[in-house]
Amino acid sequence: MSKENNPVQQSASYDSILSQAVKKERSVFRLSKTYPAYIILVFALVLSYIITIYIDQSVQADRKASFDKAVSSVMTRFENKDSDMDDVLGSMRALYDNLFQVVRDYFHLYGSIPVKSDESIITMMNISEVDNSEKENFVFYTQNSGLYEYKIHPYGVRPIYYPVEFIVPYETNTHMSGFDFATKDVVNDAIIKARDNAEVVSTKVY
């Protein structure tokens, strides 16, 4: 029997080869040789986590800065518009501080300027406080100013009326001529508050 065909020797050679292979595999995955790779991996994970947090904070900071800038811009526009409205009201009031009654042509002349020049102003109205005892005289005076069909509506007997006397532009708001805002609680309350506190007020949307 030859050496090549000896099963004992072949088995021994297989065992030795397998043993050497196992030793090599163990040597490949030995911690003393692979720990630098683990350290690099941990370092990369920590670094990527830090970068992620930094990017997230940077994005949030940019968004907050953009939002604050937008809010500031909007608030500035509101404040500027509010100031413009105060100027308009102050100018219109100054025209009539020394006048006992508002003249229709006078009101239309000066009221049409802000209406035409400022797109946020839709109408300008002159609303008078009329006691029930003065109602007939008030209607008569307003009709004599050129509004021949003028009357206070809706119909009803009330102690105080707040009717629209003059309005600009008149042509597109004829239905509001003579309307008594005392019948609208939200406007009536605003008128009383403005009158009693001598301040500019606004109503809620209704």
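Me: Buried means under 20% relative accessible area, exposed over 50%, and partly exposed in between, with a 1.4 Å probe and protein chains only. Why is Asn-188 called buried?

Reply: Asn-188 has a relative accessible area of 14%, and because that value is under 20%, the residue counts as buried. This is a predicted model, in which local features need pLDDT of at least 70 and side-chain atom pairs count only at pLDDT 80 or more, while totals for chains, interfaces and linings use all residues. Residues are numbered from 1 along each chain as its sequence is written, and side-chain values use heavy atoms, with hydrogens and water left out.

Me: What makes up the surroundings of Asn-188?

Reply: Asn-188 is found in helix α5, residues 185-197, where helices are DSSP runs of H or I with at least four residues, strands are runs of E with at least two, and both are numbered from the N terminus. Leaving aside neighbours within four places in sequence, Asn-188 is in contact (heavy atoms within 4.5 Å) with Tyr-162, Phe-181 and Ala-182. The C-alpha atoms of Asn-188 and Tyr-162 are separated by 7.9 Å, although these residues lie 26 apart along the chain.

Me: Why is Ile-55 called partly exposed?

Reply: Ile-55, which is found in helix α2, has 46% relative accessibility, and because this falls between the two limits, the residue counts as partly exposed. Together with Phe-43, Leu-47, Ile-51, Tyr-54 and Val-59, Ile-55 makes a nonpolar surface patch of about 600 Å².

Me: How do you know how the whole chain is built up, and how many helices and strands does the chain have?

Reply: The secondary structure comes to five helices and four strands, running α-α-α-β-β-α-β-β-α from the N terminus on. Buried residues make up 22% of the 206 residues in the chain.

Definitions and conventions. Patch = residues over 30% accessible without salt bridge, like charges linked within 9 Å, V, L, I, M, F, W, Y side chains within 5 Å. Areas by Shrake-Rupley, 256 points an atom, 1.4 Å probe, with all protein chains shown as cover. Salt bridge = Lys/Arg side-chain N within 4 Å of Asp/Glu carboxyl O.
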